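Please keep the structure open while reading.

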Amino acid sequence: MRVLVTGGAGYIGSHTLLELMAQGHEVCVLDNYSNATPEVLTRVRTLSNGQVTDFTGDVRDANKLDEVMQAFQPDAVIHFAGLKAVGESTEKPLLYYDVNVAGTLSLLHAMDRAGCKKIIFSSSATVYGDPVYLPYDEAHPTNPTSVYGQTKLAAEKMLTAWTSAQPGTTAVLLRYFNPVGAHASTRLGEDPKDVPNNLMPFIAQVAVGKREALTVFGEDYDTPDGTGKRDYIHVVDLARAHVAALNYAVDHEGARPFNIGTGDSYSVRDMVAAFERASGRTIPTKLAGRRAGDIAEMQANASRAQTEMGWKATHTLDDMTASTWAWQAANPNGYINTD
């Protein structure tokens, strides 16, 4: 298939490109590089020994979208492009609605104009909010506690309405839990600009000496050690879920949500200990208050993805931390000033 990947130079997008190309799909990337660099695509081309068509632009730019659609004529879209920091979304709610919701709306209009009827959407388990029960399954009530989660749920509802109104369209809604890890080559990994908003890249930067200590936000949650627990998933497993979703979309219509996680959850202190095992280094920590929008615990029931898409996570926690450390050690400054 010909697959347009918005935000394809990002952390999850770049790993997904490799998995798509390994399965023989043709890929085209649209990215505005707000949290990525063109060097990523250079590395993807080298690792895959394949072709990646790319355009620089924003999903909110209708003219650019039409240009891309006309030039590449995709059979399907994988939509990663968006903002993803819970804390920042509270501070900049209109920006998050503009990029995550209006951007998705703009993309759907462009798909309609081009006659493209299949989309894989990068959603989030934050759409569930405080757990009524754990692990979350796809029938769990959606009541996001953060603006970020609210924008993801709004986009999901829009995609669902789009498929309901147009027979022959498909939207696969992938509700990620917490992606971590890096490609085995050490050439691709998570490289956030500015201060990392997610736990694992922050730990990695502390381990490599770029930051003094990890700030632990909250130690009074109702968890065994008081710190928040999350279901972490290796980014390569997550990338493979998108290939499975694309295959699923070929034979299915309508909108369907899928949890993409492992079914296990680990606390912040668990993750620090695992990273210390992987790196052989001590990770200094300091305590701070809870962040707005954070909840105590998240854990996936991902059985639907296994039953209906044939997908299951295979990487362990130690795989996740070891690959993250290998990436960070080989690329201490990320994609900048490295060979």
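Lys 64 lies in helix α3, which runs over residues 62–72. The model is predicted. Lys 64 counts as buried because its relative accessible area is 18%, and the cut-off for buried is under 20%.

**Around Lys 64**
- Beyond its neighbours within four places in sequence, Lys 64 is in contact with Leu 30, Thr 56 and Gly 57.

**Helix α8**
- Helix α8 takes in residues 235–250, which is 16 residues.
- At 1.5 Å a residue, α8 should span 22 Å, and the 23 Å between its end C-alpha atoms agrees with that.
- Of the 16 residues of α8, 13 are buried, so the helix is mostly covered.

**Fold and dimensions**
- Eleven helices and 13 strands make up the secondary structure elements counted in the chain.
- A compact globule of 339 residues would have a radius of gyration near 20 Å; the chain has 19 Å, which agrees.
- The C-alpha trace spans about 55 × 50 × 40 Å along its principal axes.
- Among contacts with a separation of 6 or more, 79% are between residues 24 or more positions apart.

**Burial and surface**
- In the chain, 55% of the 339 residues count as buried.

Technical notes:
Residues numbered from 1 in each chain as written. Predicted model: local features only at pLDDT ≥ 70, side-chain atom pairs only at ≥ 80, totals over all residues. Heavy atoms only, no water. Helix = DSSP H or I, 4+ residues; strand = E, 2+ residues; numbered from the N terminus. Expected span 1.5 Å × (residues − 1). Buried < 20%, exposed > 50% of the residue type's maximum accessible area, 1.4 Å probe, protein only. Rg over C-alpha atoms; globule rule 2.2 N^0.38 Å. Contact = heavy atoms within 4.5 Å.
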